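Biologist: I'm new to this one. Could you show me how to read its features?

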Amino acid sequence: MVSLEAGRTWRIVLPDPVSQQISHRQYMSDTKQACRAGVDIGGTFTDVALEHEGRLYAAKVLTDYEKPERAIVQGLKLATQEAGIAPSAISAIVHGTTLATNALIERRGAKTAFITSAGFRDVIEMRNEGRFEQYDLAIQLPAPLIPRCDRFPLQGRLDAGGRELVALDVPELDRIIEAIRAGGFTSVAVGLMHSYRNGEHERQVRDRLLGAVPGVAVSISCEVSPQIREFERFNTVCANAYVKPLMSSYLNRLASALQAEGMACPLYMMHSGGGLMSLASAAQFPVRLLESGPAGGAIYASHVAARYGLDRVLSFDMGGTTAKICLIEDLHPSTARTFEVARTYRFKKGSGMPISIPVIEMVEIGAGGGSIAHVDDLKQVRVGPESAGSEPGPACYGRGGERPAVTDADLVLGKLDARRFAGGTITLDTEAARRALQRHVADPLQSVTVQAAYAVAEMVDENMSNAARMHAVESGRDLGEYTMIAYGGAAPLHAARLCEKLGMERLLVPPGAGVGSAIGFLRAPFGYESLRSAVMRLSQFDVDTVNGMIEEMNQEVAGFLRETSHTGQAVRELRAYMRYAGQGWEIPVDAPTGTLDASGLEALRANFVRAYTQLFGHEVAGLDVEVVSWALSLRTETPPPERVSSSAGAQAGTSATHPPIDRREVFDARLGEFLDCAIYERASLPRDVRLDGPLIVTERETSTYVSPSYGVVLQQDGCLLIQRQQKEGV
C-alpha cells in the first residue's frame with residue numbers, strides 16, 4: 001500500500017516499489033488483463049470510471065465535503081459491484097481532484113508564513129502593472145494569499161546570474177524561525193530573489209527551519225517553480241505551502257480508506273499538465289494538482305478526437321460547479337506555463353492568482369449545474385460563480401437548498417426527468433425548484449416561473465459561449481471550423497445550445513460522457529515537465545551552463561519516473577522559450593535534443609525565426625535573440641486509439657420503427673417555446689440511423705438534448721454525433 005506518515009511531517013512513506021507497485025508495462029497492458037479505476041472529485045459529484053476486461057463501468061455519487069475519501073470508496077464499491085468483481089481486484093487507481101483548487105478559492109488552507117528577500121515583502125500584494133479592468137478607477141486587486149503580518153523579509157541576495165552578493169543573515173533567520181514557532185504556523189513558503197538560478201539560499205533556509213521546527217511543512221520556490229518573474233514564482237510557492245498540509249492529510253486518509261476496503265493497489269495522481277505522477281510527488285508539490293480534473297477531461301477529448309481523426313476540437317466540460325473549455329489541435333490540447341485560479345472580476349484575465357506550473361490551457365468559469373442564480377440591483381439575472389455544490393445542492397435535490405441553481409431551471413424547462421436523474425438514485429423535487437425560481441428570480445422581475453427558468457438557462461449558456469469566444473479570439477481561431485466534444489454531467493444538456501450560439505456544425509458526446517474526466521485519467525500517460533529559467537542571448541551563449549542545467553532537468557524527470565516504477569519507453573521533448581532582445585514575452589520553440597553545441601545553437605535560432613514568423617507573419621531583422629526559460633518533458637508512450645469512421649446515418653426521423661421510451665414538453669431556448677420532445681435511452685438507440693430533434697437521449701450519468709436544428713446518429717463506437725441539419729439563426 002502507498003501510505004502517508006501520520007502526524008504533521010507531511011511526507012510520504014513509500015514501500016519497496018518492486019513488491020508494491022506495478023510497472024508501466026503492466027499498467028498499460030491490454031485492458032482485458034487489467035482492472036483500473038479513475039476517480040475525479042468535483043465540487044458537486046465524485047465520478048468513478050472502472051475499466052475491466054475491455055468494458056467500462058461508471059458511478060456518480062455526491063461529493064462528501066467533510067471526508068472526500070468516503071465518496072471515493074462508495075463510488076468504487078458501486079462500480080465494482082456493477083462489474084461483478086471485488087474491490088480488491090482493482091490493480092491501479094488514478095485520481096484527480098479539485099480539493100486544492102477549492103482550498104485556494106475558499107481560503108481555507110494552512111496557517112502559512114512566507115520568508116522572502118528584504119525589500120520584496122510586498123511583491124505578492126503589489127502584483128504587476130497589469131490592470132484587468134483598465135477604466136475602473138476604484139479597481140480592487142485580489143487580496144494576497146498570505147497577509148503582510150505573516151510575511152518575513154530576510155537579508156541576503158543573489159544577482160541575476162545566481163552569484164551571491166550578500167550572504168544570508170543567519171541571526172535574523174533564527175529570529176524569524178522563532179517568530180514562526182511562536183505564531184503556530186504549520187507551513188512555510190520560501191521565495192528569494194533569483195533563486196531560479198541558484199537555490200542554495202532557499203535550501204539553507206529550509207534546512208535551518210526543519211532543524212528548529214521539525215513538524216513544519218516547507219516549500220521552496222527553486223523546487224516548486226524555478227522560473228523567472230518573481231510575482232508568479234512567489235505566488236506559486238505560497239499556494240503550494242498553503243495547501244500542502246491539507247492535501248497531505250487528505251492523501252493519507254485516502255490511502256488508509258482504500259487499504260481498509262482491500263484496495264491495496266498503486267495510487268497515482270493526475271497533474272495539471274495532463275500526466276500521471278506518484279503520490280510522493282503529489283504530496284510534495286500539491287500545487288501541480290490544481291487543474292488535475294479538467295486536465296483529465298482534455299485528455300479524454302483528445303482521445304476521442306484521435307479516434308475520429310479530428311484536428312480541430314473544442315472540448316466542453318460542464319459539471320456541477322464549473323465549466324471548462326479547451327482548444328485541441330492536431331490531437332493535442334493547448335498547454336501553458338502559467339494559469340490563474342479564482343478570478344474575482346467577471347472571470348477577466350489578470351484578476352486571479354497566477355500559478356506558474358505546466359498546465360493544459362483552458363478557460364474555466366463558475367457555470368455548472370449547481371451554479372446559483374439571482375437578480376442583481378440592475379434587475380439583471382446573474383448565474384454563478386457561487387455554487388450550491390452537493391451540500392445542500394440545488395433546491396430540487398431536497399437537501400435543504402433554497403436558492404435556485406441551473407439544475408432547477410433545467411428541471412422546470414423539462415430537460416431533466418425528476419425520476420431518472422443520476423440513474424434514479426436521486427429523485428428531484430420539481431415543486432421545490434419552482435418555488436426557488438419564483439422567489440429569487442421571477443418575483444424580483446415581476447415575471448413567471450417558466451420565464452425565470454428560461455432566463456437562468458439562457459444566461460448560463462451565454463456565459464459559457466462568451467468564454468469560448470474569448471478563448472478562441474485570444475488564440476486567433478474561428479470556432480466555426482471546429483467540432484465540439486461535450487462531457488461532464490451537465491455539458492450534453494447544454495452543448496447543442498452552445499453550438500447554435502457559436503455557429504458550430506458538429507458535436508460529439510462520447511460514451512461515458514458523464515464521467516469524462518475520470519475516463520481521461522485512464523488514458524493519460526505518466527509524464528512530468530521540468531522547468532528552469534536562465535536569460536541568455538544567443539550572441540553570448542554559455543553552452544556549458546545550459547548543458548549543465550539540462551542535465552539537472554534530466555535527472556529530475558528521471559527521478560520522477562523512478563517514483564512511478566516506470567520501465568517502458570518514454571518520449572523526451574526539450575523546448576526553449578525565446579524572444580527578441582528587448583521584448584517582454586517569449587514564445588515556445590522546439591530545441592534540439594542531446595548536448596547543445598554550435599550546430600545545435602544555429603538550429604535553435606532557425607527554429608525561433610520559423611516559429612516567430614508563423615505567429616506574427618515576419619521576422620525582425622537585426623535584433624539579437626535570447627532564451628528566457630527551458631522546459632524538459634518526459635512522457636511514457638501510450639498506444640494510439642483505434643480509428644473509427646463517422647456515419648451521418650440514414651434519414652429516419654422519429655418513425656414508429658424506433659419508438660421513444662417517453663415523450664414530454666421541453667422548452668427550446670432558440671424558439672422560446674415548449675416543444676413535444678421524444679425521449680430515448682442511449683443503450684437502445686439504433687446505430688447509424690439519424691433521428692431529428694427535438695429529442696433527449698438519457699443515460700445514467702447524464703442526458704443529451706438535441707434541438708430542432710440538429711439531428712443525432714449513434715456511431716459504431718457508441719458516440720453520439722449531433723450535426724446541424726439546416727442553416728438557421730440563433
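Modeller: Let's take a sheet and then some salt bridges. This is a predicted model, where local features need pLDDT of at least 70 and side-chain atom pairs count only at pLDDT 80 or more, while totals for chains, interfaces and linings use all residues. Residues are numbered from 1 along each chain as its sequence is written, and side-chain values use heavy atoms, with hydrogens and water left out.

Biologist: Which strands make up the open sheet, and in what order?

Modeller: Strands (E, at least two residues) and helices (H or I, at least four) are DSSP runs, numbered from the N terminus. Two strands pair if DSSP finds at least two bridges between them. Here, four strands form an open sheet in the order 32-33-35-36, and the pairing is mixed. Strand 32 (662–668) and strand 36 (703–706) are the edges, each pairing on one side only.

Biologist: How do strand 33 and strand 35 run?

Modeller: Strand 33 (residues 673–681) and strand 35 (residues 695–698) are parallel, joined by four bridges. Look at Ala678: its bridge partner in strand 35 is Leu695.

Biologist: On to charges. How many salt bridges are there?

Modeller: A salt bridge is a side-chain nitrogen of Lys or Arg within 4 Å of a carboxyl oxygen of Asp or Glu. By that rule you get 46 salt bridges. One of them pairs Glu261 with Lys77, whose closest N and O atoms are 3.1 Å apart. Glu261 sits in the loop between helix 9 (230–260) and strand 13 (267–270), while Lys77 is in helix 3 (residues 68–83), so this pair links distant parts of the chain, 184 residues apart.

Biologist: Is Glu261 buried, exposed or partly exposed?

Modeller: Buried means under 20% relative accessible area, exposed means over 50%, and partly exposed is in between (1.4 Å probe, protein chains only). Glu261 is partly exposed at 33%, and Lys77 is partly exposed at 37%.

Biologist: What about Arg229?

Modeller: Arg229 forms a salt bridge with Glu586, with 3.0 Å between the closest N and O atoms. The two are 357 residues apart. Glu586 is buried, with a relative accessible area of 11%.

Biologist: Which parts does the pair of Arg312 and Glu481 tie together?

Modeller: Their side chains meet in a salt bridge at 2.2 Å, N to O. Arg312 lies in strand 15 (residues 312–318) and Glu481 in the loop between helix 14 (449–474) and strand 25 (483–487), so parts 169 residues apart in sequence are tied together. Arg312 is partly exposed at 42%, and Glu481 is partly exposed at 47%.
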